[in-house]
Amino acid sequence: MKKKGYYSSGEFARMAHVTLRTIRYYDKQDVLKPSCVSEAGARFYTDEDLARLQQILLLKYLGFSLEDIREMTIDDSDYHFMLNSLNLQLRLVRDKIEQMQLVEKAIENTASTISENHSIDWSKMLDLIHLTAMEKSLKNQYQNASNISARINLHKLYSENKQGWFPWIYSQLPIEPGMKILEIGCGDGTLWTENLPLVPRGVEITLSDISEGMLRDARRAVGTEDARFSSLVFDCHRIPYDNNYFDLVIANHVLFYCEDITRTCSEVHRVLKPGGHFFCSTYGSGHMHEINRLVQDFDTRIVLSSENLSKKFGRENGYDILKPWFTKVQWKTYEDSLLVSSPEPLISYILSCHGNQNQYILDRYKEFRAHVKKRTSGGFHITKNAGIFICEK
């Protein structure tokens, strides 16, 4: 007998306007499992399963494989996950539209050249090949955007310092009209979107990132018509600007990702004007160590990061790394901690880490959710040990 609130496979397929064969195929591929299976083997689905199916169909429409989709979706209909998923899907759709507009323009130009010259311009054909190959970058872009969103969201929701990290960072910056400012590794531009009314007129702010997808998000966020902002894709090991060009350079949680921190510091020093400032944030040992303990208590094989980033560039060793390049180096601590009262944002954060956690969590997701829910039921305290180095050339 069918339970209330459950739909048979056929009913579920009709509601979603897909074939029963599609639903069965997704079940077989472990992309969308039924919420209930009767003793007789009948499969039943719920409204929550519709939310997951929406993600699957949208990502499939955008060209992702089922293997990609399995890694990119979570079997949880909590509104935190749903809102985050919809926002990220919206970014992907906008990226797809931009890419298709570029392809459309390239086809028009190529066809026009052939029509006018009665010959084939093979360089334009190469451009078309490159444009159509851009599709492959969407998965990494989606995951990068998802990771950044999950990390920011946890701090926004549960930070006990109500000023917030990005407003605090901005309050440390000596920004004045006429300044030329560079942010390396700007991500989705949150530093500026959270402080946009405070940014004075007459400044020139260059947003940079190694990811074109991240820069697209940043451009949209700050507004493509805002003349104060420009953007450029480059690797911070080679900053494509003249010596003594910028008044201020910012690297928010970036240096510990650099393969050669010394070279990056050298480049920052080169492009800074005499008396200019370099602001670079990081964290110290013990930062959010309770999360590591939480996942280890669930499965000792889980490692949230393949390397200890604070050992590469952190509060403890940052002064020694920066001092050879700058006349003054000082540290300022951001006084804060987290008190997490709901499992979903914490789970999103954990799944966004760069370790092996998905290998041991996704197949036991409901069990892991119960583990985190129990630990957060009375408030889960997380220590923060973060701040910023302020350097002067």
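**Note on a predicted protein chain**

1. H17 counts as exposed, since its relative accessibility is 73%. Here exposed means over 50% relative accessible area, buried means under 20%, and partly exposed covers the range in between, with a 1.4 Å probe and protein chains only. H17 is found in the loop between α1 (9-16) and α2. Although H17 is not a glycine, its phi is positive, at about 60°. Helices (H or I, at least four residues) and strands (E, at least two) are DSSP runs, numbered from the N terminus.

2. The structure is a predicted model, in which local features need pLDDT of at least 70 and side-chain atom pairs count only at pLDDT 80 or more, while totals for chains, interfaces and linings use all residues. Residues are numbered from 1 along each chain as its sequence is written, and side-chain values use heavy atoms, with hydrogens and water left out.

3. The protein chain as a whole contains 17 helices and 12 strands. Of its 393 residues, 48% are buried. The chain exposes about 20,100 Å², of which carbon and sulfur atoms supply 51%; this area comes from the Shrake-Rupley method with a 1.4 Å probe, and for residues only the protein chains shown count as cover. Among contacts (heavy atoms within 4.5 Å) with a separation of 6 or more, 79% are between residues 24 or more positions apart.

4. Helix α2 (residues 20-28) has I23, Y26 and D27 as its buried residues. These residues lie on the same side of α2, because they cover an arc of only 105° around the axis; the arc is that of the directions from the helix axis to the C-beta atoms. The face turned away from the buried side of α2 carries the exposed residues R21, R24 and K28. Just after α2, D30 takes a positive phi of about 60°.

5. An open sheet of 3 strands has the order β1-β3-β2, with antiparallel pairing. Because β1 (7-8) and β2 (36-37) stand at the edges with a single partner strand each, one side of each has no neighbour in the sheet. Strands are taken to pair if DSSP finds at least two bridges between them. Between β1 and strand β3 (residues 43-45) there are 2 bridges in the antiparallel sense, and Y7 stands opposite Y45 in β3.

6. The segment before β1 contains K4. With 85% relative accessibility, K4 counts as exposed. K4 and T46 are 42 residues apart along the chain, and their C-alpha atoms are separated by 9.6 Å.

7. Parallel pairing is found at β4. Strand β4 (residues 180-183) runs parallel to strand β5 (residues 204-209), to which 4 bridges join it. Strand β7 (residues 246-252) also runs parallel to β4, and 3 bridges join the two. I181 has a bridge partner in each of these strands: I205 in β5 and L248 in β7.

8. The largest nonpolar core has 56 residues, of which W192, L207, F278, C280 and L322 touch the most other members. A nonpolar core is a set of buried Ala, Val, Leu, Ile, Met, Phe, Trp, Tyr and Cys residues joined through side-chain atoms within 4.5 Å. F278, when residues up to four places away in sequence are not counted, touches a list of residues including V249, I250, A251, L322, F326 and F389. Another core, of 24 residues, lies apart from the largest one and has Y158, I291, I302 and Y360 among its members. In soluble globular proteins, nonpolar side chains tend to be buried together.

9. Apart from neighbours within four places in sequence, Q357 is in contact with I302, V303, L304, I350, L351 and S352.

10. A last point concerns M288, in the loop between β8 (272-283) and α12 (289-298). M288 is not a glycine, yet its phi is positive, at about 55°. M288 counts as buried, because its relative accessibility is 4%.
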